[in-house]
Amino acid sequence: MKTFFDIVSSKFALFSFFLLLAFACKEEGRMIQQTEAEQEATALVELDLDQIQKRDTLIAIVNNSSTGYFIYRGQPMGYEYELLNRLAQSLDLELNIKLTSSVEEAIQMLNSGEGDIIAYNMAVTAQHKKRVAFTEHHNEVKQVLIQRKPPNWRQRKRHQIEEYLIRNPLALDEKEVWVPAGSSYATRLENLSEEIGGEIKIVEKELDSETLIRMVADGEINFTVAKEDLALVNATYYSIIDVNTPISFPQKIAWATRANAPNFLEAVNTWIRGMKQEADYYVIYNKYYKSPKANLRRVRSDYSSLTGNTISPYDDIIKQAADSLQWDWRLLAAQAYQESKFDANAESWAGAVGLMQLMPATGEMYGVSNMRNPTQSLAAAVAYLNWLDKIWEKYISDDQERIKFVLASYNAGQGHVLDARRLARKHDENPDKWANVSKYLLLKSKPEYYNDPVAKSGYVRGAEPVNYVREILTRYERYRQLVGEDSAMASIKA
């Protein structure tokens with residue numbers, strides 16, 4: 001027969017076993033996390049400022065949001081996007097955008113070399129500092145709770161609305177709160193659970209903050225958390241949401257670079273310090289965070305990538321016209337924006353008119369009776385582009401490469417592009433590659449090149465067609481990222 005002490009001893013031994021098991025599991029989990037962090041640190045690609053400058057491109061990782069990056073009336077926009085453009089210009093680099101809504105994926109892309117900088121509305125936390133190097137912060141904001149106001153809230157008195165809403169974080173105990181996976185919001189909610197001595201049910205999803213805010217507004221979920229500035233912007237879109245319950249002290253918001261790229265980090269910090277001395281910096285911030293009417297107009301527009309897949313009022317006729325060219329319609333849309341910014345009444349100083357900026361003689365050649373009629377303008381432009389394509393098909397078999405020659409010819413005339421090919425061949429460079437031909441188009445503004453016997457068409461401001469091609473293809477890539485499905489046509493590299 002067991003004594004009282006035997007029973008106590010056996011129960012104590014059993015308790016000790018489970019306690020040790022739990023500790024071992026926790027320790028193993030901690031070691032696994034450490035190992036993963038160490039492996040990621042070891043796998044960091046070696047890519048600092050010198051290497052970035054050698055490739056002439058700054059690759060930025062952003063998210064598609066009303067403050068990050070979006071298309072509005074054919075033009076890329078966004079707080080992060082506009083600042084990144086200025087950073088790239090200051091470093092004399094082209095800007096390449098990559099999209100992800102996942103902070104975790106963004107960090108992995110950064111550290112593997114798929115991007116150079118994460119330009120999110122990202123909080124500086126000790127957890128993230130183990131994996132990235134943060135730039136000097138842009139601003140400081142609190143995290144706030146996003147919740148719905150009560151039904152019929154417009155008919156209720158203020159104190160009735162306040163009684164319905166959560167104002168004390170203690171009331172979040174046992175509540176389910178959805179947040180983006182891997183975000184600082186999850187960490188903050190874990191700490192808040194400890195602070196209130198309860199358990200907030202944290203649901204991490206591979207969704208961005210604005211999607212979760214919309215889900216709260218639509219009643220799909222009850223709560224999420226966002227940074228106050230982003231929450232206030234979204235409160236202008238959804239009057240049903242309340243964003244006035246803070247759950248944190250102000251946090252620093254910054255961009256992130258690889259931890260082993262100190263020269264690039266210093267270059268970015270130098271730019272940020274200088275930018276903060278300029279009025280332009282605050283104009284951009286106010287444009288996206290302090291202009292509720294403009295924000296509402298953009299997000300409700302039929303021509304915003306935030307709400308649909310429409311670029312312009314002319315999308316339908318552009319799609320029909322693109323079919324006859326066998327082009328992705330977004331490429332033709334990018335050219336139309338370059339020509340007229342979708343203004344069918346536009347007229348240039350040189351006399352080009354309409355959506356596709358045709359010269360009257362060209363329009364007449366292709367049967368245009370009204371140069372300002374967008375359907376006629378597109379039909380004539382497509383006929384001309386098809387004619388140019390047939391010319392270049394004799395020389396350039398690669399479809400993607402040939403498009404660059406066609407676009408340049410539309411802008412400057414095929415004679416100047418043919419001259420640049422002959423100059424490239426004369427200097428033992430491949431005349432079928434746009435990279436080589438564009439070089440000699442630029443040089444054709446110099447007497448020793450436009451007076452060369454192989455140059456039949458004389459002087460040209462070569463920067464115009466070269467920039468024309470680059471800007472259209474860059475805009476096309478922006479459209480492909482944010483508007484509609486990817487076409488079968490492969491991405492064209494400028």
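Gln 326 has its place in the loop between H13 and H14, and in this predicted model its phi is positive, at about 60°, although Gln 326 is not a glycine. With a relative accessibility of 71%, Gln 326 counts as exposed, because the exposed class begins over 50% relative accessible area. Among the contacts in the chain between residues at least 6 apart in sequence, 68% join residues at least 24 apart.

- Two packed helices are described by the angle between their axes and by the distance between the axes.
- For helix H13 (residues 315–325) and helix H14 (residues 329–340), the packing angle is about 115° and the axes are 8 Å apart, and the crossing of H13 and H14 is right-handed.
- On the side of H13, the contact is made by Asp 315, Ile 318, Lys 319, Ala 321, Ala 322 and Leu 325, while H14 contributes Trp 329, Leu 332 and Ala 333.

**A loop with another positive phi**

- Asn 152 is found in the loop between strand S8 (143–148) and helix H6 (158–164), and its phi is near 55°, a positive value in a residue other than glycine.
- Asn 152 is exposed, with a relative accessible area of 57%, which places this residue over the 50% limit for that class.
- Elsewhere in the model, the charged end of Lys 149 sits over the ring of Trp 153, at 4.0 Å from the centre of that ring.

**Aromatic pairs and a cluster**

- A search of the whole structure finds 17 aromatic pairs, and one of them is formed by Tyr 281 and Tyr 282, an edge-to-face pair with 5.0 Å from centre to centre and 80° between the planes.
- The two partners fall into separate accessibility classes, for Tyr 281 is buried with a relative accessible area of 4%, whereas Tyr 282, at 42% relative accessibility, counts as partly exposed.
- The rings of Tyr 366 and Tyr 384 have their centres 6.3 Å apart and their planes at 45°, so this pair is tilted.
- That pair links distant parts of the chain, as Tyr 366 lies in the loop between helix H15 (360–365) and helix H16 (374–393) and Tyr 384 lies in helix H16, 18 residues apart.
- Tyr 366 is partly exposed, with a relative accessible area of 27%, while Tyr 384 counts as buried at 15% relative accessibility.
- Tyr 366 and Tyr 384 also belong, together with Trp 387 and Tyr 410, to one aromatic cluster.

**Ser 409 and its surroundings**

- Ser 409 lies in helix H17 (residues 399–412) and counts as buried, with a relative accessibility of 0%.
- The side chains of Ser 409 and Trp 392 are joined by a polar contact of 2.8 Å.
- Leaving aside neighbours within four places in sequence, Ser 409 is in contact with Tyr 384, Leu 388, Trp 392, Gln 414 and Val 417, and among these Tyr 384 is a member of the aromatic cluster described above.

**Two further helix residues**

- Ser 209 is found in helix H8 (residues 209–217) and counts as buried at 11% relative accessibility, because buried means under 20%.
- Not counting residues up to four places away in sequence, Ser 209 touches Pro 180, Tyr 185, Val 225 and Leu 230.
- Gln 89, whose place is in helix H3 (residues 79–90), counts as exposed at 59% relative accessibility.
- The C-alpha atoms of Gln 89 and Leu 58 are separated by 9.8 Å, the two residues being 31 residues apart along the chain.

Methods: Residues numbered from 1 in each chain as written. Predicted model: local features only at pLDDT ≥ 70, side-chain atom pairs only at ≥ 80, totals over all residues. Heavy atoms only, no water. Phe/Tyr/Trp six-rings, centres within 6.5 Å; stacked < 30°, edge-to-face > 60°. Buried < 20%, exposed > 50% of the residue type's maximum accessible area, 1.4 Å probe, protein only. Helix = DSSP H or I, 4+ residues; strand = E, 2+ residues; numbered from the N terminus. Lys NZ or Arg CZ within 6 Å of the ring centre and 35° of its normal. Polar contact = N/O pair within 3.5 Å; in protein donor to acceptor, adjacent residues only side chain to side chain. Contact = heavy atoms within 4.5 Å. Axes fitted to C-alpha atoms, helices over the stretch in contact; angles between N-to-C directions. Left-handed = near helix turned anticlockwise from the far one by under 90°.
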